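Subject: Structure handover and notes

Dear colleague,

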Amino acid sequence: MTIGDLIRLLSDGEFHSGEQLGERLGVSRAAVWKQLRKLESLGIPMEAVKGQGYRLAEPLELLDGSAIVAGLPREARRCVTRLFVEEVLPSSNQFLRERFGQGAGHGEVCLVEQQSAGKGRRGRAWVTPWGRTLMLSVGWRFESGIAALEGLSLAVGVVLSQVLESHGVKPLLKWPNDVLLETETGGLGKLAGILVEMSGDAAGPCEVVVGIGINVDLSAAFREGIEQPVSAVRDQAPDLARNQLAIELLARLMPLLAGFEHSGFASWQAEWNARHAFAGQEVDIIQGERREVAVAEQVDESGNLWVKDASRRWKLAGGEISVRGRV
């Protein structure tokens with residue numbers, strides 16, 4: 001019995017006794033009780049009524065791999081060699097890196113309900129509540145080498161923005177790999193993060209894992225425990241289902257990966273700049289212990305961000321620099 005098995009039974013809106021759950025799942029009532037307690041620890045609200053049993057306090061949509069594959073248009077489906085849906089993993093990016101190590105990985109997609117050791121940029125932890133985010137990674141092997149993949153994470157941000165915009169969500173892009181959304185208080189909260197990991201030759205074949213983490217539905221209690229402002233898809237699109245979001249994202253992401261080493265970032269440059277969160281604004285540029293203040297300009301055809309201060313104008317390359325908007 002897994003957490004997902006229990007959630008599937010409890011999410012039909014009906015009450016189920018511990019005995020009924022045990023019979024359906026083939027385990028003892030004690031085992032059921034243990035898993036119910038685990039649901040509570042994962043922040044999944046339960047209702048318990050004496051004499052009736054248990055049910056989820058609100059519906060929770062589980063990821064459905066078969067439905068996602070079936071929903072993909074033909075062009076995207078041809079690019080997917082295998083799709084995994086896991087309940088808990090340390091990291092979906094790590095999962096696909098290991099698949100590459102086993103001689104697979106290319107065209108593979110991994111979705112996970114919760115990451116126990118997910119990482120964002122610069123090694124920061126990416127915390128996820130169970131079943132309330134869309135965490136996915138895609139593996140792709142490129143022949144042209146790492147040098148041909150400049151701006152890939154920015155192009156992925158554009159694709160995600162286009163999908164969300166079709167549902168009335170109005171995201172902004174923060175260089176180099178965050179997607180932001182205005183919060184109720186008028187500030188900007190992190191909606192999604194993109195982590196592109198590459199291994200291989202600068203001029204020869206390389207293996208890339210594109211990881212995307214999207215906040216879909218976050219409770220007020222969860223948000224209070226996060227150190228930075230956060231936002232969620234359902235703040236602006238309350239009816240958008242996670243499986244539908246996965247379908248639409250992969251429908252655009254797979255063709256992007258298939259054609260990127262030929263088209264490069266230049267074809268995505270204007271779309272990124274149109275969604276630039278801090279264009280013309282002062283930003284903090286953080287590089288290790290060094291911090292500078294400059295005005296953000298546009299990104300160029302290689303995905304570099306140009307900035308300027310009173311004495312000079314220069315470009316920032318991704319990877320080692322963090323840019324923060326000033327309040």
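**What was found**

Asn215 is found in strand 9 (residues 206-215), where helices (H or I, at least four residues) and strands (E, at least two) are DSSP runs numbered from the N terminus. This is a predicted model, in which local features need pLDDT of at least 70 and side-chain atom pairs count only at pLDDT 80 or more, while totals for chains, interfaces and linings use all residues. Residues are numbered from 1 along each chain as its sequence is written, and side-chain values use heavy atoms, with hydrogens and water left out.

Asn215 counts as buried because its relative accessibility is 4%, buried meaning under 20% relative accessible area, exposed over 50% and partly exposed in between (1.4 Å probe, protein chains only). A polar atom of the Asn215 side chain lies 3.1 Å from the backbone oxygen of Lys190.

An open sheet of 5 strands has the order 13-12-11-10-14, with antiparallel pairing; two strands pair if DSSP finds at least two bridges between them. Its edge strands, each pairing on one side only, are strand 13 (313-316) and strand 14 (322-325), and the twist averages 45 degrees from one strand to the next. Within this sheet, strand 12 (residues 305-308) pairs with strand 13 in the antiparallel sense over 4 bridges, and Trp306 stands opposite Lys315 in strand 13.

Strand 10 (residues 282-287) contains Ile286, which is buried, with a relative accessible area of 7%. Ile286 and Val323 are 37 residues apart in sequence, and their C-alpha atoms are 6.2 Å apart in space.

Turning to the helices, helix 1 (residues 3-10) and helix 3 (residues 29-41) pack at an angle of about 90 degrees with their axes 10 Å apart, the axes being lines fitted to C-alpha atoms, for helices over the stretch in contact, and angles running from 0 to 180 degrees between N-to-C directions. That makes helix 1 roughly perpendicular to helix 3, a term that covers 65 to 115 degrees. Ile3, Leu6, Ile7 and Leu10 in helix 1 meet Gln35, Leu36, Lys38 and Leu39 in helix 3, contact meaning heavy atoms within 4.5 Å.

Finally, a cis peptide bond joins Trp175 and Pro176, with omega about 0 degrees, and Pro176 is found in the loop between strand 6 (172-174) and strand 7 (178-182).

Best regards

Technical notes
Parallel < 35°, antiparallel > 145°, perpendicular 65-115°, else oblique. Polar contact = N/O pair within 3.5 Å; in protein donor to acceptor, adjacent residues only side chain to side chain.
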